Amino acid sequence: MKRYLCSIIIGMVVILSIGTYYVKVASSATSLPKYTFKTLEGSDKELDPVIINATLQNGSNFYEPLTIESNTTTYASERSYLENLTGRQDHLIERLVKEHRSFMRGKGSVSSLYEDDDFLAYAWVNSKYTKSGNMDAEFDIGLLEKKDEEETSFQIELPNQGRIMNADVRDVQLVHSKLQVLTMNDVNSNNEKQTKEVHLYTIDVANKKVLSDKTLVSETFTDPEQVDFQMPIDLAPSQPNNMVFISLIKGVNHEDGFKEKLKESKLLSYNYETEKLETVKKELLSLDMARTGYADGKNLYAVEMKSGKYRIKTFDLSSQTLTNDTELDIAANKKEQDFAAIKNGRVYFLLGNEVDQDVLTNKPAKLLIADIKTGKTLYKGETVINKKNSKSFELIIGDLEIK
């Protein structure tokens with residue numbers, strides 16, 4: 001009897017806890033301001049695929065994540081307990097989980113995925129350190145043939161892992177039926193020197209083996225010298241790409257901060273088909289524009305502020321030529337942080353988070369949607385709040401996604 005009584009009490013506590021949680025959620029959500037976009041020009045239907053991740057702040061005492069999706073605000077406190085426990089997934093991951101639930105189990109990194117009409121592939125590096133201090137690492141490989149849902153999965157040892165401290169997967173491609181995995185590695189130099197490398201691993205999925213380990217770039221340096229690799233923001237991380245851009249950044253750490261050696265820094269391009277690694281001429285594309293640019297495998301889109309306007313420059317990756325230079329109908333402000341996304345022939349351009357002398361200015365976020373080729377405005381709007389007493393709140397934009 002005591003055993004059953006204990007179970008009943010535990011059940012009641014769980015039910016009361018869940019009930020209390022949702023009562024607090026309802027109370028909290030109704031008291032928070034709702035943000036929507038007021039249409040200034042164009043059709044508000046253009047907002048349907050727009051997702052804005054942000055946070056609401058009120059000084060240092062209040063912090064609440066929120067999402068504006070299809071022009072509707074949803075706070076973290078309004079989501080289910082399970083959603084908040086697992087976190088909000090990227091919309092690409094959400095789609096793939098719905099379509100291929102079995103294959104996607106345990107796979108949450110966008111950069112580790114490749115998808116075309118016939119295949120869905122996955123590559124990741126699982127690692128742990130042994131008692132001796134060396135890294136024990138292996139590739140976690142998966143390939144799904146969509147037509148018959150036939151799945152191949154296996155683990156295979158990472159080549160030369162004794163010298164590697166960390167391996168970060170940055171791109172996955174399927175080229176001539178072989179999996180190409182691009183990683184950025186920290187190498188153990190066993191002295192005061194440090195080494196960073198970009199590797200390309202070719203994996204034969206059918207025979208479950210690594211065919212080659214190609215070092216594309218290797219840089220060794222000693223503190224206070226520093227080396228880093230960066231890639232443009234990938235607008236289509238899982239789609240087939242022929243080329244990738246890699247920024248090699250060299251500099252020195254001083255007491256007043258990092259100072260880059262511009263003459264030694266450079267921009268590299270790698271073609272998966274031709275297997276050529278080339279240095280991009282700086283007069284074609286500046287280092288800064290490439291680092292802050294957006295790539296989709298065919299083009300790189302760079303934001304430029306010129307003559308009081310924002311411009312979107314389109315560079316063809318294969319020919320490395322400027323193919324389009326579009327002026328956007330939105331005033332430039334050096335103090336405002338900008339977010340851009342390109343999809344379906346449109347550029348989505350969001351302005352927010354104005355900073356003046358390290359102080360955030362609470363101004364409406366502005367959104368422009370335009371034709372990427374012509375610059376024609378399809379939509380223009382700005383955020384409005386549904387509560388009169390919301391001036392003390394600050395909307396801090398995190399990122400912009402397009403479904």
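In the chain, residues 24 or more positions apart account for 49% of the contacts with a separation of 6 or more, a contact being defined by heavy atoms within 4.5 Å. The model is a predicted one, in which local features need pLDDT of at least 70 and side-chain atom pairs count only at pLDDT 80 or more, while totals for chains, interfaces and linings use all residues. Residues are numbered from 1 along each chain as its sequence is written, and side-chain values use heavy atoms, with hydrogens and water left out. The chain holds five helices and 29 strands, both taken as DSSP runs numbered from the N terminus (helices H or I, at least four residues; strands E, at least two). Of its 403 residues, 43% are buried, where buried denotes under 20% relative accessible area, exposed over 50% and partly exposed in between, for a 1.4 Å probe and protein chains only.

The largest nonpolar core comprises 24 residues, among which Phe37, Val50, Ile52, Leu350, Leu367, Ile397 and Leu400 touch the most other members; such a core is a set of buried Ala, Val, Leu, Ile, Met, Phe, Trp, Tyr and Cys residues joined through side-chain atoms within 4.5 Å. At least two residues of this core come from each of strands S1 (35-42), S2 (50-58), S3 (62-69), S23 (337-343), S24 (346-352), S27 (366-371) and S29 (394-402). When neighbours within four places in sequence are set aside, Leu400 is in contact with Val50, Ile51, Ile52, Phe339, Ala340, Ala341, Tyr348 and Leu350. A second, separate core of 22 residues includes Val125, Phe154, Leu174 and Leu179. In soluble globular proteins, nonpolar side chains tend to be buried together.

Strand S28 (residues 377-385) pairs with S1 in the antiparallel sense over seven bridges, pairing being assigned if DSSP finds at least two bridges between two strands. Within this arrangement, Phe37 stands opposite Thr383 in S28. S28 is also joined to S27 by five bridges, again with an antiparallel run, and Ile369 has Tyr379 of S28 as its bridge partner. S27 and S28 form a hairpin with five residues between them, and Gly375 in the turn has a positive phi of about 80°.

Three aromatic pairs were found in a search of the whole structure, the criterion being ring centres of Phe, Tyr and Trp (its six-membered ring) within 6.5 Å, with planes under 30 degrees apart counted as stacked, over 60 as edge-to-face and the rest as tilted. In one of them, the rings of Phe139 and Tyr201 have centres 5.1 Å apart and planes at 75°, so the pair is edge-to-face. Because Phe139 belongs to strand S7 (residues 135-145) and Tyr201 to strand S11 (residues 193-204), the pair ties together parts that are 62 residues apart in sequence; both Phe139 and Tyr201 are buried. The rings of Tyr310 and Phe349, with centres 4.8 Å apart and planes at 55°, form a tilted pair. This pair links distant parts of the chain, with Tyr310 in strand S21 (residues 309-316) and Phe349 in strand S24, 39 residues apart, and both Tyr310 and Phe349 are buried.

Aromatic rings also accompany a lysine side chain: Lys107 lies over the face of Phe103, at 4.6 Å from the ring centre, and over the face of Tyr122, at 5.1 Å from the ring centre. A charge is taken to sit over a ring if NZ of Lys or CZ of Arg is within 6 Å of the ring centre and within 35 degrees of the ring normal.

Polar residues also occur at buried positions. Glu115, in strand S5 (residues 113-115), is buried with a relative accessible area of 12%, and its side chain is joined to that of Arg95 by a polar contact of 2.6 Å. A polar contact is a pair of N or O atoms within 3.5 Å; within protein, one must be able to donate a hydrogen and the other to accept it, and residues adjacent in sequence count only if both atoms are side-chain atoms. Asn299, found in strand S20 (residues 299-306), counts as buried at 17% relative accessibility, and its side chain makes a polar contact of 3.4 Å with the side chain of Tyr301.

Val280 lies in the loop between strand S18 (276-279) and helix H5 (287-291) and is buried, with a relative accessible area of 5%. Not counting residues up to four places away in sequence, Val280 touches Phe245, Leu267, Leu268, Ser269, Leu285 and Gln320.
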